[in-house]
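Here is a short note to read alongside the structure, written for someone meeting it for the first time. Please keep the 3D view open as you go through the points.

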Amino acid sequence: QVQLVESGGGLVQAGGSLRLSCAASGRSFSSYAMGWFRQAPGKEREFVAAITRSGSSTYYADSVKGRFTISRDNAKNTGTLQMNSLKPEDTAVYYCAAATLSPYHTDSYYRADSQYAYWGQGTQVTVSS
């Protein structure tokens with residue numbers, strides 16, 4: 001199994017940027033696809049972005065496409081979510097997660113939180129208007 005720890009959250013003004021990191025330990029990080037999800041108060045957890053095991057393919061929610069970039073460095077066992085042009089509606093707790101998905105799975109699998117067996121504790125992102 002793999003353990004995940006997020007960092008990089010904080011308070012930022014609308015239009016600003018934040019970079020979230022996800023540090024993995026345990027079983028080889030490159031064996032897992034990685035996803036980012038978020039949950040705002042009173043709302044269900046929602047998909048943000050995902051990346052395949054090798055990093056060759058990425059998937060984004062429509063709400064963040066063009067503003068957020070997901071990446072990973074398997075040599076360093078880390079994943080990142082670069083968030084630009086932040087909006088107040090991006091305020092949420094952000095979670096990184098790992099899943100045993102192959103590149104042959106369609107993007108619908110990557111967007112489903114039920115596919116992810118391992119989760120970090122979350123990091124708060126607050127965007128002020």
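1. How many bridges join strand β1 to strand β3, and in which sense do the two run? Strand β1 (residues 2-7) and strand β3 (residues 18-26) are joined by 6 bridges and run antiparallel. If you want a place to begin looking, find V2, whose bridge partner in β3 is G26. Strands here are DSSP runs of E with at least two residues, helices are runs of H or I with at least four, and both are numbered from the N terminus. Two strands count as paired if DSSP finds at least two bridges between them.

2. A word on what you are viewing. This is a predicted model, in which local features need pLDDT of at least 70 and side-chain atom pairs count only at pLDDT 80 or more, while totals for chains, interfaces and linings use all residues. Residues are numbered from 1 along each chain as its sequence is written, and side-chain values use heavy atoms, with hydrogens and water left out.

3. Now follow the sheet onward from β3. Strand β8 (residues 78-83) is joined to β3 by 6 bridges, again antiparallel, and S21 stands opposite T80 of β8. β8 also pairs with β7 in the antiparallel sense, over 6 bridges; there, D73 faces T78 in β8.

4. Put together, 4 strands make an open sheet in the order β1-β3-β8-β7, with antiparallel pairing. Its edge strands are β1 and β7 (68-73), each of which pairs on one side only. On average, neighbouring strands of this sheet are turned by 15° against each other, direction ignored (axes are lines fitted to C-alpha atoms, for helices over the stretch in contact, and angles run from 0 to 180 degrees between N-to-C directions).

5. Which cysteines does the disulfide join? It links C22 to C96, with 2.0 Å from S to S (the cut-off for a pair of cysteine sulfur atoms is within 2.5 Å). The angle about the S-S bond is 55°, and the link of C22 and C96 is right-handed. Because C22 lies in strand β3 and C96 in strand β9 (residues 92-99), the pair ties together parts that are 74 residues apart in sequence. C22 is buried at 0% relative accessibility, and C96 is buried with a relative accessible area of 0% (buried means under 20% relative accessible area, exposed over 50%, and partly exposed in between, with a 1.4 Å probe and protein chains only).

6. The whole structure has 7 aromatic pairs (rings of Phe, Tyr and Trp, the last by its six-membered ring, with centres within 6.5 Å; planes under 30 degrees apart are stacked, over 60 edge-to-face, and the rest tilted). The F37 and Y116 rings are edge-to-face, because their centres are 5.0 Å apart and their planes at 75°. Both F37 and Y116 are buried.

7. Y95 and W119 are also an edge-to-face pair, with 6.4 Å centre to centre and 75° between the planes. Y95 sits in strand β9 and W119 in strand β10, 24 residues apart. Is Y95 buried or exposed? Y95 counts as buried at 18% relative accessibility, whereas W119 is partly exposed at 24%. One aromatic cluster is formed by F37, F47, Y95, Y116 and W119.

8. Finally, look for charges over rings (NZ of Lys or CZ of Arg within 6 Å of the ring centre and within 35 degrees of the ring normal). The charged end of R45 lies over the ring of W119, 3.9 Å from its centre. R72 has its charged end over the ring of F29, 4.3 Å from the centre.
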